[in-house]
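Reader: I have a model open and want a quick walk through its contacts. Can you take me through it?

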Amino acid sequence: MLIMSKLTHTQPQPALFISVMRLSRALRQHFDREARANGLTFSRARALSLVGRLPGSTQTELARQMEIEPPSMKRLLDGLEQSGFVTRCPVEGNRRANGVFLTPRAEEQFAGLLGFINTLSEELLADADPADIAAAQRLFDHVLTRFSE
């Protein structure tokens, strides 16, 4: 178990985590504004983005990726399907599973939203040293691995 209560703000670890939390909040606020501009909630926009990156994924796989429970994912997909943004198609060889795909409407209307993360990262990291980006990715992967231990 990770214990941070003994760390002070003069140590680099808390400063790093505070910066990561601030960055996470800023990214979410930016993404949320983009989603609302496209008539979506943050959760629906996030789900659409995920389906766009992982077409054909099952509801269970998408729930795992979004770190939510499958029933919550089902409700999210039901709303997106009723709005005409996703469609479910049977997975070959598995009668109980459906793959989830974007509809042409979603692909056309939300092309900007689906490319939002790439555009934002290109803008924010344009002048960053590729070695620093790689080091940050390794550090984040390391920390995420520690959470799963």
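**Contacts, sheet and pocket**

Author: Start with Glu149, which is exposed, with a relative accessible area of 69%. Keep in mind that this is a predicted model.

Reader: Which residue forms a salt bridge with Glu149?

Author: Arg146 does, with the closest N and O atoms 3.1 Å apart.

Reader: And Arg146, is that buried or partly exposed?

Author: Arg146 is partly exposed, at a relative accessible area of 40%.

Reader: Take Arg88 and Asp78. What is their N to O distance?

Author: It is 2.9 Å for that salt bridge. Arg88 lies in strand 2 (residues 86-91) and Asp78 in helix 4 (residues 70-82), so the pair ties together parts that are ten residues apart in sequence.

Reader: Why does Asp32 count as partly exposed?

Author: Because its relative accessible area is 22%, and buried means under 20%.

Reader: Switching to aromatics. How many pairs?

Author: One aromatic pair. The ring centres of Phe31 and Phe42 are 5.5 Å apart and the planes stand at 85 degrees, so the pair is edge-to-face.

Reader: Where do Phe31 and Phe42 lie?

Author: Phe31 is in helix 1 and Phe42 in helix 2, so the pair ties together parts that are eleven residues apart in sequence.

Reader: Is Phe31 buried or exposed?

Author: Phe31 counts as buried, at 8% relative accessibility. Phe42 is buried too, with a relative accessible area of 15%.

Reader: Now the sheet. What is the strand order?

Author: The order is 1-3-2, in an open sheet of three strands with antiparallel pairing.

Reader: Which strands stand at the edges?

Author: Strand 1 (57-58) and strand 2. Each has a single partner strand, so one side of each is left without a neighbour in the sheet.

Reader: How many bridges join strand 1 to strand 3?

Author: Two bridges, and the strands run antiparallel. Strand 3 covers residues 94-102. Thr58 has Gly99 as its bridge partner, and Ser57 stands opposite Val100.

Reader: And strand 2 to strand 3, how many?

Author: Six bridges, again antiparallel. Val86 has Leu102 as its bridge partner in strand 3.

Reader: What do strand 2 and strand 3 form?

Author: A hairpin, with two residues between the strands. In the turn, Gly93 has a positive phi of about 85 degrees.

Reader: Last topic, the largest pocket. How much space lies in it?

Author: About 1,600 Å³. It is lined by 32 residues, and the closest to its centre are Leu23, Ser24, Leu27, Ile117 and Phe140.

Reader: Which elements give two or more residues to that lining?

Author: Helix 1, helix 2 (42-53), helix 3 (59-66), helix 7 (116-125) and helix 8 (130-147).

Reader: What is the lining by class?

Author: The lining has 22 nonpolar, five polar and five charged residues.

Note on methods: Residues numbered from 1 in each chain as written. Predicted model: local features only at pLDDT ≥ 70, side-chain atom pairs only at ≥ 80, totals over all residues. Heavy atoms only, no water. Buried < 20%, exposed > 50% of the residue type's maximum accessible area, 1.4 Å probe, protein only. Salt bridge = Lys/Arg side-chain N within 4 Å of Asp/Glu carboxyl O. Helix = DSSP H or I, 4+ residues; strand = E, 2+ residues; numbered from the N terminus. 1 Å grid on protein atoms, 1.4 Å probe; cavity = no way out; pocket = protein on both sides within 12 Å on 5 of 7 lines; lining within 4 Å. Points joined across faces, edges and corners; volume = space filled by probe spheres on them. Nonpolar A, V, L, I, M, F, W, Y, C, P; charged D, E, K, R; others polar. Pairing = 2+ DSSP bridges. Phe/Tyr/Trp six-rings, centres within 6.5 Å; stacked < 30°, edge-to-face > 60°.
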